[in-house]
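User: I've got a model open and want to talk through how its parts pack. Can you take a look with me?
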Amino acid sequence: MTRQLPALIIIAPLIGTFCISIAGWINKRYCLPILIAALGISLYASIGLLGLVIQEHGVVYRLGGWDPPWGILYQVDYLNGLVLIVIAVVALINAVACRKHVLEEYPDRVGPFFTLYSLFVTGLFGIVVTADAFNLYVLLEIASLSGYAMIGMGNGRAPLAGLNYLFMGTIGASFYLLGVGYLYLVTGSLNMADIALILPDIYESRVAMTAFVICMAGLFLKMALFPLHSWMPNAYTHGSFAALGVIAPLTTKVMIYVMIRISLTVFTPSFVFDRFRIDEAIVWLAIIAIVAGSLLALSQSRLKKMLAYVIVAEIGYMVGGFWLGNRQGITGAVLHIVNDAMMTLCVFLAAGAIAYRQKGDDFEKMEGLFITMPFTMSGFVVAALSVIGVPPTCGFFSKWYLISGGIAAGQYAFVGALLLSSLVHVVLFFRIFEIAYYRPEAGHHGGGHSSSVINEAPLDMVIPLLVGAGLLVVLGLNTGFLVDRVIRFAVPAQLI
Amino acid sequence: METIVSIKPFLAVLVSIAAVPVLLSSRSANIREGWTFVAAAAKFAIVASMLPSVLDGAEFVYTVAEVIPGAALGFRVDAMGILFALVSSFLWIVTSAYSIGYMRGLNEHSQTRYYCYFALSLSAAVGVAFAANLLTLYLFYEMLSFATYPLVTHHQDREAQSSGRKYLLYIVGTSIGLLLPAMLICYDLTGTLEFSNRGLLAGKVSKELAGLLLLMFLFGFAKAAVMPLHAWLPAAMVAPTPVSALLHAVAVVKVGVFSIVRIFTGIFGMETLSSFDLGSYVLFFASATILLGSFIALSQDGLKRLLAFSTIAQLSYVILGVGLLSTKGMIGGVIHIAMHAFGKITLFFCAGAIFIATGKKNISEMAGIGRRMPITMTAFFIAALSIIGMPPCGGFLSKWYLVLGAVEAHRSPVLLVLLFSSLLNAAYFMPIVYRAFFCRPEANPFGNEIREAPVFCVVPLVITAIISVILLFYPQPFFRLASLAAAQMTGM
Amino acid sequence: MDELLSPILSKYNYWVYITLMMIGLYAMIAKSNLVKKIIGMNILQTAVILFYVSIGAKQGATIPIIRHGHEGAAAHAVRAADYINPLPHVLMLTAIVVSVATLGVALALAIRIYRQYGTLEEDDIATRITGDIRKSP
């Protein structure tokens, strides 16, 4: 059974998609349980896979029994084993929490929404687990199309935002496909490991460099690296919370995973960091992304849009950390993939719970929330502390590695950008806390107790949020285990 | 030196965190306050139980989690740490009693929240005291910043909001902007963050880098209120008085100063500091803060603001003591942590008692109050003597050792600073006492009958005043702990 | 002149696909009608497809169908140079499917937008939106 886990992790949500689609016609109440069951199987498979990887240093699965380079290979190593678990956990937690949002936003399209949800997760799993460059494109498009549709399903300005998202995403994917085409042209293979074997002979050729640049350009577009980020704030502002809870934490992080995978496995560090010296330029791009994202977030007055710009800055962290090219930086980037996915999930869950109760996510709607929604706000505070980077939440530790990498590489501008954005995040989140906490009309020494009544969000929104917040602390305290047992092996040995 | 592996340090920290859910679910105010006392007593008991071994020269060690290679989340209880933990946990018991009187006396809102965050803040303070390395210290330092924010801004009005912003700006701004990079530079240089008696950076850092790091640490710990990053402290006086008393006279500010001492001794080490002559910089900033703080205190009319500036000045005595880089100076500085704590908390308690009993906050309105509240004002007088550094109060002992330390280190300007600042302290305290007691009976706005503040407020301040006196004649265990600490850190 | 023309002439497939791709990108970015953008997107994807297909071509080769029954794969050795590379074609079948699916989603979204705003011109939609924002409290 364990040999089949790489396939199982994809098949479960894929079959789930069809089942949900049919169930949606029969009785829409069956949709969510099927989804949760499928995601539960995937979670089990992903944990099993990581355990297997720690034991055997890698799991390989040949689709259909065909050997590479003719057949498609699914390969799980330390890097994607970790990302698989992240996807499964985030998708599952959000699935539990999104029911009321779905009923509110699209009451007549419950079946289609969950179908797309399941398909989206299938695509993401596929992207992460595959070892074939073209197969990655196919699954990338599966995930992306479901994502576009999920966002475009919403009300208000969502279809327009979804369409713009579609345009930008398709350009990105097409560029990626083009890059793969050049790679195929010059190596004759689509299997990642195989390409990596053939490429070193032609590192100096312009084809290899072109392929790399085009691939990266496409991926940068898909991961919303500044200045190619413009689709994201709109898409995330107008999309519904049910969709955002799974799209926001995962899409961009998986794209960063793909970037790491292409750079480390296909092109290998000796090309990417030693021969083709664009790493410093990309780090500067990341620095600009961090600063721009943080500053743009300051000028927003809607929670979702502010969070979207915070994500833009976080993308800068990960991209910059990776392209520093040293062990600490890459560890920080990989760790941040995990941590940022969890933080983003918690933050959007909290925002969703608030918006559900307060009927909107403008800042003015958040007065007195600490009293009326104490549990939601507790979860929100923990998530905010993680984004700011306060120990023992996980956000601190990935920032630690990123700054450490910056110092080790002498990239003090990157360090400065990280510190600046942490300070800006303090301002961003405390602005919201101030609105939720202060009562300017109160007298100097409050007489008696407040008369507000607790009006919390529904339980199935609050509990996933609190579980997520708890996970943030647990992840933080277990950073040592994560880095030592898993991430250390994901970073190539020759990097210092 | 014997090392005992025991979970006690971790328990001491956890006790009050564990109390929070209990406090939140308490049905009545009495049960809630009862649990606060239980938690405070338990904390003190755990800390005190480690005292005998530490006095014998042992250390308690406990590692919670290896989060980063070379920097685990761990605890190490040594002489200086247990001194600070003893002071804070004991004073928490006293302050809890005082809080009952104060909060109920004013019928304050959100009292449960208040007690919960108080418990969390004390956890963080003890966590800092027992931190085995810079990472753990940073963790609890930040926890303290965020746990005290709701306490400082308790009143939730406009004034609280702007003070809260100042608080965050100074404290979190410096901890993220200065402290974090300094910590990471140390990690980059040495691969670890453990405090070592020789100093972590010994031999690994150049003079310029050491100087830069020194400044980053000195100002990164803005809780120590070294000028010019002191402005948050007067602003934080909008908090309810028990908060100002325990936190801003004892816990928060002492955490700042304690951390600086830890950094100087555990990260830099006496040898590095003296070989690079960095002590001079430290002495400069400390002296400037002492003198300026005392001067500004002279001009204050609001009692709490005056006490705030007095605190700013007094904190730098500790830094001064360490900056002298001599054994006696260290003893003086470390023991001042305890002496000043007891003295200042008494003064704040008195200020709060006056506010409850008469509603007065400004010194100009307090003429003749000694007739009405003799117990309170006597305690005030005793505590003021301690702060000024005069016998028969404990403050004399710490000042005496600071003077000895200055002589030992051949730093005569420091002697002048000590002398002059004591005069200044007298100059701003004595008029208050004088006017409180000696004013014409017929012009006394308070009348001549005795009407003290509620019992729960008066008893604590009497206790701490008496202790201030006792500490001069029987300064154990603090003196022994301070000597041990100084011996460990100067390697003599 | 010869050195300039010969790379252009011999690599004309690349020039074709680049031209198409630029046309597609231009349409997507510069045109304000949503349907034109969608068409541009399709042109972009087609350009990439053509690129892939073109790299499979060989001079003097025939279509990759081997004319014998099921006698066993090892019966006849095959000279690869006689047959054009079938793999890019296969890959592009998938890509065409993806492209069609994308087109479907895009058109569905466009229909929704049309129902909402009554127009497919981006500028008019923007005006409509700011008008709505001004009207709502």
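User: Which hand does the crossing of helix 2 of chain A and helix 3 of chain A have?
Analyst: Keep in mind that this is a predicted model. Helix 2 (residues 31-56) of chain A and helix 3 (residues 78-97) of chain A pack with their axes 9 Å apart, at an angle of about 160°. An angle over 145 degrees counts as roughly antiparallel, so that's how helix 2 of chain A runs relative to helix 3 of chain A. As for the hand of their crossing, it's left-handed.

User: How many residues in the contact of helix 2 of chain A with helix 3 of chain A are nonpolar?
Analyst: Helix 2 of chain A brings residues including A:Leu35, A:Leu39 and A:Leu43, while helix 3 of chain A brings, among them, A:Leu82, A:Ile85 and A:Val89. No charged residues take part, and 4 are polar. The nonpolar count is 19.

User: Which helix of chain C gives the largest share of the side that touches chain A?
Analyst: On this side, 25 residues of chain C contact 21 residues of chain A. Helix 3 (34-55), helix 4 (86-117) and helix 5 (122-135) of chain C each give two or more residues. The largest share, 13 residues, comes from helix 4 of chain C.

User: What is the radius of gyration of chain B?
Analyst: Chain B has 20 helices and 3 strands, and its C-alpha trace spans about 70 × 55 × 45 Å along the principal axes. The globule rule gives 23 Å for 492 residues, and chain B comes close to that, so it's as compact as a globular protein of that length. Its radius of gyration is 21 Å.

Definitions and conventions: Residues are numbered from 1 along each chain as its sequence is written. Chains are lettered from A and ligands numbered from 1 in the order in which they are written. This is a predicted model: local features need pLDDT of at least 70, side-chain atom pairs count only at pLDDT 80 or more; totals for chains, interfaces and linings use all residues. Axes are lines fitted to C-alpha atoms, for helices over the stretch in contact, and angles run from 0 to 180 degrees between N-to-C directions. Helices (H or I, at least four residues) and strands (E, at least two) are DSSP runs, numbered from the N terminus. Angles under 35 degrees count as roughly parallel, over 145 as roughly antiparallel, 65 to 115 as roughly perpendicular and the rest as oblique. A crossing is left-handed if the near helix is turned anticlockwise from the far one by less than a right angle, and right-handed if clockwise. Two residues are in contact if their C-beta atoms, placed from the backbone, lie within 7 Å. Ala, Val, Leu, Ile, Met, Phe, Trp, Tyr, Cys and Pro count as nonpolar, Asp, Glu, Lys and Arg as charged, and the others, Gly among them, as polar. The radius of gyration is taken over C-alpha atoms; the globule rule is 2.2 Å times the number of residues to the power 0.38.
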